[in-house]
Amino acid sequence: MDSVVRGTVIYFLVLVILRATGRRSAGEMKTFDLVLLLIVAETTQQALLGDDFSITNALVLLVTLFSIDILLSFTKRWFPVFEELIDGRPTVIIRDGHLDERAMRRARIDREDLLVAARQAGAPNLTTVRHAVLEINGKISIVKRD
Amino acid sequence: MQHSDLDLGDLRKVEARGSLRGAQRVAWTGFAIILILAVLGFTGSGGVFARTIMTSGHTELDVPRVMRRQASQELVLRITDAGSHRIDVLVPSSLLEIAAFEESAPAPSRSEAGAEGLRLEFDHATSDFVIRMRIRPENAAWPATYILTVEQERLAFSSLVLP
């Protein structure tokens, strides 16, 4: 039972912390995000496994984590409010060519992030971008001007 | 490649996904069974059925029903109305064949390893005495019965060691 409790607590703890941190860290990953991710992985590993290195513990933990994931995916489908709570909503950064500085600050996105997304979408600069949206998966979608 | 071939190929993929979905549901049922067993304590480490208590005379032994390989396990010995100030505990060799003896709290005043097992001697001042012993199974093992001897009392318990 301890493995199930540990797995559940750590899953929701990481989920809450990631959600509270913001979407950028999950999507547009930079070097310091990678460092953070590695440290988080190492820290949670200690908390999950503790002193128990048995295959049984690993199996129970994996089953617990994947089961929570399945349950959450169904819960999100059945209750859209829950989906918004967990995944958030897309944030419009550029609307009709106008940059929303407040939305950028809230999402902790800088101009360089937008330029990278624009270049990846084939737009040479921000003046050629009609809409830019920070999606719930942390990626920036670009709609170019015609 | 003709368009009709491409469509047929895609259809086959869709059909294959359909059959995989059935296997997925079976796997999810398996997940649910594993979780229920784990919560109840049948995979060791906590849960209603994780531990069992054996009693003989003034001695009570609290042991895990299911142990896990390479995970520390606790055996709790409670002795009430202990007559003498010295208690002799014999951890059977059959148990030591599958598990390493890690520590005991309180520490024994004397210990001796022999053919029949590990003999531990404890000095105590109070009439009610609790000994916590930690062992770590080194191999998986089928359910087997082990007999722990405390003074003249023989406490038999069965345990399974999961891999």
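**Exercises on aromatic ring pairs**

In this predicted model, the aromatic pairs over all chains come to six.

**Exercise 1.** Determine how the rings of A:F74 and A:W78 are arranged relative to each other.

*Solution.* The ring centres of A:F74 and A:W78 are 5.4 Å apart, and a pair requires centres within 6.5 Å. The planes of the two rings stand at 25°, and planes under 30 degrees apart count as stacked. The pair A:F74 and A:W78 is therefore stacked.

**Exercise 2.** Locate A:F74 and A:W78 in the secondary structure, and classify the exposure of each residue.

*Solution.* Helix α3 of chain A, residues 55–78, holds both A:F74 and A:W78. The two residues are four positions apart, about one turn of the helix. A:F74 has a relative accessible area of 21% and is partly exposed. A:W78, with a relative accessible area of 57%, is exposed.

**Exercise 3.** Classify the ring pair of A:F74 and B:W28, and state which helices it involves.

*Solution.* The ring centres of A:F74 and B:W28 lie 5.7 Å apart, with the planes at 90°. Planes over 60 degrees apart count as edge-to-face, so this pair is edge-to-face. A:F74 belongs to helix α3 of chain A, whereas B:W28 belongs to helix α1 (residues 3–40) of chain B; the pair therefore joins two chains. B:W28 is partly exposed, at a relative accessible area of 25%.

**Exercise 4.** State which residues the ring pairs link into a cluster.

*Solution.* The cluster consists of A:F74, A:W78 and B:W28, linked by ring pairs.

Note on methods. Residues are numbered from 1 along each chain as its sequence is written. Chains are lettered from A and ligands numbered from 1 in the order in which they are written. This is a predicted model: local features need pLDDT of at least 70, side-chain atom pairs count only at pLDDT 80 or more; totals for chains, interfaces and linings use all residues. Side-chain values use heavy atoms; hydrogens and water are left out. Buried means under 20% relative accessible area, exposed over 50%, partly exposed in between (1.4 Å probe, protein chains only).
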